[in-house]
Amino acid sequence: MKKHLWTGFIETVKREVVPALGCTEPVSVALAAAIATRTLKGQPVRIDAFVSPNLMKNGMGVGVPGTGMVGLPIAAAVGALAGEPDAGLEVLKHITADDVAKAKVLLDNNAVAVGVATVSNILYAKVVVETAEETASVIIADGHTNVVSIEVNGTVTFIADQPTDSAPVKKENIFEQATAHDIYDFALNAPLEDIDFISQAYDLNNALSEEGLTGNYGLQIGATFQRNVDRGLLTGGLMTDILRRTSAASDARMDGAMMPAMSNSGSGNQGIAATMPVVVVAEHVKADKETTIRALMLSHLMAIYIKSYQNKLSALCGATTASMGAVAGMTWLLGGQFTQISDAICSMIGDITGIICDGAKTSCAMKVSSSASAALKAALMALDGIRVTGSEGIVADDVDNSIRNMSALANGAMTQTDVQILEIMVHK
C-alpha cells in the first residue's frame, strides 16, 4: 500500500467534496458579486458579468436557489445584494424574499448584464458592481471559489500568486503518483476516524433526495418513478430505488431548492451521482456504518480521480464520470473486489462515454438517472465476470488506461463539441 499518499487523498476529498447551495456556475457568479459588493459603500445600482463560454453554458437555464428564477443575471443580482462573501458555494444560503424582490427590480431596470468573455480559462467569471459613487470588480477563475483578483475604484487590492516564465508554479496533483488500486486500498484500509467525515455526503444528499420526492421540482424524474411504482407500472427493487432516489435529489437541486448538495469536483450533481446510488445499495445489503462510510469514500475519491484527468468543465456530462466513482462503491458493497470494480468502470466507459453536457438545467436529472442505471448494470455484469473488453472501442485492458482514453476524448475532440453546443444554445 502507498500509505504516503493517504494524507493527500484526505486533503483532496476535503477540498473537492464540499456543500454547495445551487448549481455551482451561477453560484460562482453570485460569489464574485458578493465579494465585490463587500468592498463598496452603498447599494449596487449596476452589475456587469463576463463569463467563459463553459460557465455561460452551465448558467443559462438552471434554477437559482430561493429566487424562483433561472440564469446568471438573477444570480449576479441577488449575490450582489444579499450574498455572504465568506460562505463559498453557500453564498446564497440566507437570502430573503425581500432580497429577491430588490434583485428583480435591478433586472427590470436593465441594470444587470451578462456577456461571454474572450478568455482561455474554462471556468471564469468577472463581476463588476457599481454603486452611486464606487466600482469594484472581482475575478474568479479555474475553480468555483478561486478568487484571482479584486479591484476597487481602479486600484488592484488583491491579486493571487501567478506563475512566471522563470519560475512556473506547478500545482501538486496527488493522482500523478496514484492508481485506481491505490484509491481502493485507501478507502478500505484508512483509519475510520480519518474518513468518517464523508458521511456528511449522505446527510445532505439524502435530505435533498427526500425533498425532491415530496416537492414539485423540475421534471419530477424521481417522483415519476415513485408514482409509477404506486400505479403498479413499475415494481420496486434495487434498480428502481436507485433511479428514484438519485434523480429526486437532482430534481430538487436543479430547480433551486434551498438545500445544499454535497458536491464533488465542483458540481452538486456529481456529488449526488457519487453518493445516492451507493447509499441505496448500502441500505439494500444492510451495510453497517463503517462499511457505508468506506463505500462512500471509495466512490467520491474514485470520482475525483477520474475527473482529475479532465478539464473542470467540458462537453462530457460530469454525472457520467461521477457515476463511475459510484460503481466502485456499489460493486464493493455487492461483494466485488478490485478486479470487479475495474471491470465495472471499464464497462461504463464503454457504455455512456459521450453523453454531452449541454448546460445545467432540470433535465440534468435524466442524465443523472441514466448514469446511475448504467452503474448498476455494469456492477452486476462485473460480479458475473462480464465486462467490455480492451479490444472494444476506447476501452483498454486496464482501468487506468481506460480512464485516460475517455479523458483524452473529453479534452480533445469534444472541445469542438462544446463550441457547437454553446452556439446552438445562444441562438435558439
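I count two residues as in contact when their heavy atoms lie within 4.5 Å. The model I am reading is predicted.

**Entry 1: F175 and the cores**

I looked up F175 and left aside its neighbours within four places in sequence. F175 is in contact with F9, T12, I183, L301, I304, Y305, S308 and Y309. I then looked up the largest nonpolar core, which has 83 residues. F175 is among the residues with the most contacts inside this core, along with F9, F186, L298, M302 and I345. Helix 12 gives the most to the core, with 10 residues. Another core, of 48 residues, lies apart from this one, and I noted V27, A76, V100 and V127 among its members. In soluble globular proteins, nonpolar side chains tend to be buried together.

**Entry 2: K307**

I stayed with helix 12, which spans residues 289-307 and includes K307. Is K307 buried or exposed? K307 is buried, and I found no salt bridge for K307. The nearest side chain of opposite charge is E25, 9.0 Å away. Not counting residues up to four places away in sequence, K307 touches S265, Q270, K312 and T321.

**Entry 3: cysteines**

I searched the whole structure for disulfides and found 0.

Technical notes:
Residues are numbered from 1 along each chain as its sequence is written. This is a predicted model: local features need pLDDT of at least 70, side-chain atom pairs count only at pLDDT 80 or more; totals for chains, interfaces and linings use all residues. Side-chain values use heavy atoms; hydrogens and water are left out. Helices (H or I, at least four residues) and strands (E, at least two) are DSSP runs, numbered from the N terminus. Buried means under 20% relative accessible area, exposed over 50%, partly exposed in between (1.4 Å probe, protein chains only). Lys and Arg count as positive and Asp and Glu as negative; His and the chain ends are not counted. A salt bridge is a side-chain nitrogen of Lys or Arg within 4 Å of a carboxyl oxygen of Asp or Glu. A disulfide is a pair of cysteine sulfur atoms within 2.5 Å. A nonpolar core is a set of buried Ala, Val, Leu, Ile, Met, Phe, Trp, Tyr and Cys residues joined through side-chain atoms within 4.5 Å.
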